[in-house]
Amino acid sequence: MGHNHNHAQGSNKKILAISFIIITGYMIIEAIGGFLTNSLALLSDAGHMLSDSISLMVALIAFKLAEKKASPNKTFGYKRFEILAAVINGVALILIALYIIYEAIERFSNPPVVATTGMLTISAIGLVVNMLVAWIMLKGGDTENNLNIRGAFLHVVSDMLGSVGAILAAILIIFYGWGWADSLASVIVAILVLRSGYNVTKDSIHVLMEGTPQNIKVTDIILTIEGTEGIQSIHDLHIWSITSGLNALSCHAVVDGQLTITESEHILRKIEHNLEHKGITHVTIQMETATHNHENTILCQAKNEQVNDHH
């Protein structure tokens, strides 16, 4: 399991590095193009690309830091930095979106003259660049389970939509002389950016708040542990994510007082094996006998109620 995690991280890192180089290079071209053509749609897309390249850089740093070994000071290592990177990413997207909307509102009342041919050319190339990067990320990166990669990927996808918006705006201005189309395209881009920023931030904060991982069903986990031979009941259950794809669990398990150490270890190995198949790789279980007093545990009551509801 650990080997797969490391292999995926290596592949994710390479994908991020390639994407970072392509996006940053084109972002500079698009920003210059936006200034020269006086297009807010292009400038907002370049601003979005700047946040892309920053997010890719932060994501890369996060992967590097996450590889640092655990120390007495940081017993889980720096794995959480990846989630912090995703939060920074999401908040940056939200702020950029709000700024673009503010700028666009100003321009609606007084649409400036836009050099449409330049705008069309630059946004068309931008679309191709974003499609290439999105394809690279989708093929080689873990956009499904890794919050860091997913945040960066969402940046690129909403960027792609930004290029489409700029292309449509340029066409509308060329054929119909609709100067406001440039501002409208920027607002549409901003709304898409806002949405992806909100989702990444929400998911990352859920991890930082030690929330139960989205792909884990608590009732299913309780039944799996309590269904193991030798386990009478469990209480004080906690399930959380350390970082993307690394879920942890701790609980107290009530067992028969007659069990030998070897039998207890056998039960533990069995539970660990079953939970690994359910996406939990880091398991800590404290075994105790029924005489152990745990009446005051609120979580214990809550979990028991959950199981009773299930039954």
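Predicted model: local features only at pLDDT ≥ 70, side-chain atom pairs only at ≥ 80, totals over all residues.
Reader: Let's start with helix packing. What describes two packed helices?

Author: Two things: the angle between their axes and the distance between those axes. Here, take helix α2 (residues 40-66) and helix α3 (residues 81-109): their axes come within 9 Å and cross at roughly 170 degrees. Angles over 145 degrees count as roughly antiparallel, so that is how α2 and α3 run relative to each other.

Reader: Which residues of α2 and α3 make the contact?

Author: On the α2 side they include Leu40, Ser44, His48, Val58, Ile61 and Phe63. From α3 you get, among them, Phe81, Asn89, Leu93, Ile96, Ile100 and Arg107. Sorted by type, the contact of α2 with α3 has 13 nonpolar, six polar and three charged residues.

Reader: And how do α2 and α6 cross, roughly parallel or roughly antiparallel?

Author: The axes of α2 and α6 come within 8 Å and cross at roughly 25 degrees, which makes the two helices roughly parallel. Leu40, Ala41, Ser44 and His48 of α2 meet Asp182, Ala185, Ser186 and Val193 of α6. That contact of α2 with α6 divides into four nonpolar, three polar and one charged.

Reader: On to the backbone. What phi does glutamate 210 have?

Author: For background, most residues other than glycine have a negative phi. Glutamate 210 has a positive one, about 60 degrees, though it is not a glycine. You'll find glutamate 210 in the loop between α6 (181-208) and α7, partly exposed at a relative accessible area of 41%. Aspartate 236 also has a positive phi, near 55 degrees, and is found in strand β1 (residues 231-243).

Reader: Last one: is serine 241 buried or exposed, and what does it touch?

Author: Serine 241, found in strand β1, has 7% relative accessibility; under 20% is buried, so serine 241 counts as buried. Leaving out residues up to four places away in sequence, serine 241 touches Arg80, Val207, Gly211, Pro213, Leu246 and Asn247. With asparagine 247 there is also a side-chain polar contact of 2.9 Å.

Technical notes. Residues numbered from 1 in each chain as written. Heavy atoms only, no water. Axes fitted to C-alpha atoms, helices over the stretch in contact; angles between N-to-C directions. Helix = DSSP H or I, 4+ residues; strand = E, 2+ residues; numbered from the N terminus. Parallel < 35°, antiparallel > 145°, perpendicular 65-115°, else oblique. Contact = heavy atoms within 4.5 Å. Nonpolar A, V, L, I, M, F, W, Y, C, P; charged D, E, K, R; others polar. Buried < 20%, exposed > 50% of the residue type's maximum accessible area, 1.4 Å probe, protein only. Polar contact = N/O pair within 3.5 Å; in protein donor to acceptor, adjacent residues only side chain to side chain.
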